Amino acid sequence: MRGADAIVRALELEGVKHIFGIPGGAIIEVYDALFDSGIRHILTRHEQAAVHAADGYARATGRVGVAFATSGPGATNTVTGIATAYMDSSPVVVMTGQVARSLIGNDAFQEADITGITMPVTKHNYLVTDENEIPKIVREAFHIAGTGRPGPVLIDLPKDVTTAEIEFDYPDRLNLPGYKPKYSGHPRQIKRAAELIMKAERPVILAGGGVILSDATEELTKLAETIPAYVATSLMGKGAIPETHPLSLGFVGMHGARYANYAVQESDLIIAVGIRFSDRTTGRVSDFAPDAKIIHIDIDPAEIGKNVGVDIPIVGDAKLILRELIKHINHRKRKEWESRVEGWRKKYPLRFRDDGRLKPQYIIQKIWELQPDAIVTTEVGQNQMWAAQYFRVNRPRQFITSGGLGTMGFGFPAAVGAKTAFPEREVVDIAGDGSFLMNIQELATCVDFGINVKVMVLNNMFLGMVRQWQELFYDERYSATCLKCKEMSFEKIAEGFGAVGMTVEKPSEVEDALKEAFEIDAPVVIDFRVDRLENVYPMVPAGAALHEIIDEEV
Amino acid sequence: MRHTIAALVEDKPGVLARVAGLFRRRGFNIESLAVGVTEKEGISRMTIVVSGDDRTIEQVTKQLNKLIDVVKVSDVSENSVERELALIKVSASPQNRAEIIEIANIFRARIVDVARDSMIIEVTGDEDKIGAFIDLMRQYGIKEVARTGKIAMQRGSKSLE
Ligand SMILES: Cc1ncc(C[n+]2csc(CCOP(=O)(O)OP(=O)(O)O)c2C)c(N)n1
Ligand SMILES: [Mg+2]
């Protein structure tokens with residue numbers, strides 16, 4: 001068969017059901033092979049969106065997402081998508097077309113060195129130089145993307161590799177001597193960790209995206225209940241424990257609740273699971289949880305000790321390690337600690353000013369009340385932080401956001417991916433006006449393929465998060481952050497694409513508009529004209545410690 | 001502190017770029033790098049001299065290990081034989097030629113090429129020895145120096161795999 005047929009056959013054998021992408025000359029042969037396949041191809045309107053969609057698909061399902069692009073500009077358009085997946089450890093396989101082998105290095109038409117370009121933002125990548133290696137490389141790529149600490153893998157396919165004839169033989173064994181993720185934790189380290197936990201008076205579990213990737217949420221909740229210990233998460237860790245659970249403190253960090261930040265700072269033991277201690281989570285790292293010993297469980301040994309010093313490292317899979325760890329723990333109430341944390345929780349709840357204007361926080365609260373089980377994706381900026389604060393996630397893979405790279409334009413195509421995987425579930429993109437514009441062309445994809453996601457634009461006509469920083473730290477000098485554009489209407493834009501658009505200006509209209517949107521069997525965009533100058537609080541200023549969190553008067 | 005790291009890598013296109021890119025991107029400082037084939041087909045050995053505190057070196061080792069094409073990483077700074085090789089083209093007149101050869105002999109260096117007014121000397125050894133030899137040659141006028149990166153192997157019967 002042709003190399004192209006081998007690629008499609010290998011994808012079928014990997015269980016791929018959906019591919020997101022855009023064709024072009026260099027990858028036309030693969031698209032030709034795809035034409036006869038049962039795999040459904042979703043034609044996105046931008047390659048960046050194709051990768052975000054594959055990423056959203058992966059985050060919603062836990063399976064590897066797949067994206068296609070042609071050579072040159074198609075390939076370079078995937079870079080932001082790949083970097084986004086890389087920073088959040090999302091399993092994605094991207095296949096790009098490439099000019100024929102004889103032309104590589106000649107600056108041929110639509111040639112780009114995409115393996116060179118993506119080296120720093122992929123877990124691994126391949127330039128296929130021998131057509132007979134196609135089955136082996138596809139097999140390896142899926143394995144590498146989906147196991148250990150997941151991440152994106154790119155396969156670059158020279159055109160003549162896809163047209164060449166090969167004998168298809170799918171390997172059942174892998175030969176990757178340099179790739180051996182360690183799954184089970186060291187028993188002695190686990191014992192030592194248990195001893196430390198038993199002695200702790202103020203333990204806090206810090207859960208990251210690794211808990212969700214390893215499908216360890218049940219174990220994590222059980223550990224929390226057994227100790228008992230409060231659980232704070234990173235942004236990526238939302239869903240590691242139901243956020244309505246009495247032990248949940250929500251997320252911690254720059255815009256986490258005050259009680260979560262105080263609990264972490266005052267703790268005497270941090271049990272960190274699948275988390276990489278990013279600066280957005282730790283605040284000023286030299287003053288992070290100053291009295292706490294730290295147990296760090298992670299599958300990636302390079303994360304241990306990278307950002308904070310660790311007392312007990314345990315390398316391995318969170319699920320397996322937590323399962324073992326729980327066996328060594330006895331329940332012991334910590335009354336005093338509990339009453340302190342509950343005191344903070346009472347005294348410093350998340351709140352916003354109710355002054356009759358349309359508040360973005362209120363809209364998210366309403367979305368949550370109406371659709372608590374919806375899959376929520378976010379864009380980046382204030383919208384993202386409000387979504388994280390007010391949408392209380394009750395299960396893993398429900399909250400999908402670009403945490404590490406903070407990519408504006410991620411949420412909408414990610415929603416397309418999630419909805420493709422779960423057409424029967426409500427999928428909501430909580431968007432900012434600036435971010436939505438960055439991949440708004442995907443409305444065409446939604447209409448084309450009947451992907452009925454609901455986009456809630458918290459339209460402040462600002463690059464709001466940047467404007468907030470300018471207000472607080474740059475004397476209200478709003479340099480290049482105003483997006484006000486009188487004639488622009490997201491309602492009309494949506495209609496122009498053949499989707500449904502609505503505009504909401506008053507708080508009293510919110511609930512009805514949302515209900516209507518959730519009833520409509522079509523992609524819907526609601527343009528919420530929110531209070532333009534609303535800020536995200538509480539907030540840890542850049543460079544401050546977690547307990548130096550500031551709040552507004554309400 | 002300087003460390004010598006030995007890495008066994010799969011002999012694949014791009015593997016050098018992966019390693020070099022990793023060092024650049026994470027801000028690790030390569031002082032020298034030597035690459036060559038090994039006794040095993042398809043496996044090359046990289047010897048990397050890198051400077052940094054213990055935490056940096058730990059990160060270097062761990063990040064190298066994460067590369068799929070890297071099979072084995074080992075810190076061989078302690079208890080090992082270390083060698084570099086240098087070719088030195090030095091000005092040599094009929095008057096001082098004998099003197100230069102005498103110094104070369106003391107260093108067990110070899111004369112590998114002789115021209116009318118210069119010669120090429122090959123010297124191997126650890127960094128200090130080569131440095132000392134080059135210093136001594138300066139008085140005659142060094143025209144060119146080519147030096148390899150360091151290679152290293154730990155003493156004793158244990159091998160890297
Ligand atoms: C691709 C990209 N460009 C720039 C930024 C920097 N940035 C972070 S938040 C933000 C403003 C986002 O505006 P909007 O989507 O309207 O969200 P809001 O903060 O107003 O809710 C910007 C420009 C980014 N994160 N991503
Ligand atoms: Mg905005």
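Which residue forms a salt bridge with R2(B)? It's E127(B), and the closest N and O atoms of the pair are 3.1 Å apart; a salt bridge here means a side-chain nitrogen of Lys or Arg within 4 Å of a carboxyl oxygen of Asp or Glu. Before going on, note that this is a predicted model, where local features need pLDDT of at least 70 and side-chain atom pairs count only at pLDDT 80 or more, while totals for chains, interfaces and linings use all residues. Residues are numbered from 1 along each chain as its sequence is written, chains are lettered from A and ligands numbered from 1 in the order in which they are written, and side-chain values use heavy atoms, with hydrogens and water left out.

Now step back to the domains. Chain B splits into domain 1 (2-78) and domain 2 (81-151), with bounds taken from an automatic or database domain assignment. Their C-alpha centres sit 29 Å apart. Nine residues of domain 1 of chain B and five of domain 2 of chain B take part in the contact, meaning heavy atoms within 4.5 Å.

Together the two domains of chain B bury about 470 Å², with 44% of that on carbon and sulfur atoms; buried area is the accessible area (1.4 Å probe) that two parts lose on being put together, summed over both. On the domain 1 side, R2(B), A34(B) and T47(B) supply 51% of the area buried against domain 2 of chain B, more than any other three residues. As for salt bridges between the two domains of chain B, the count is one.
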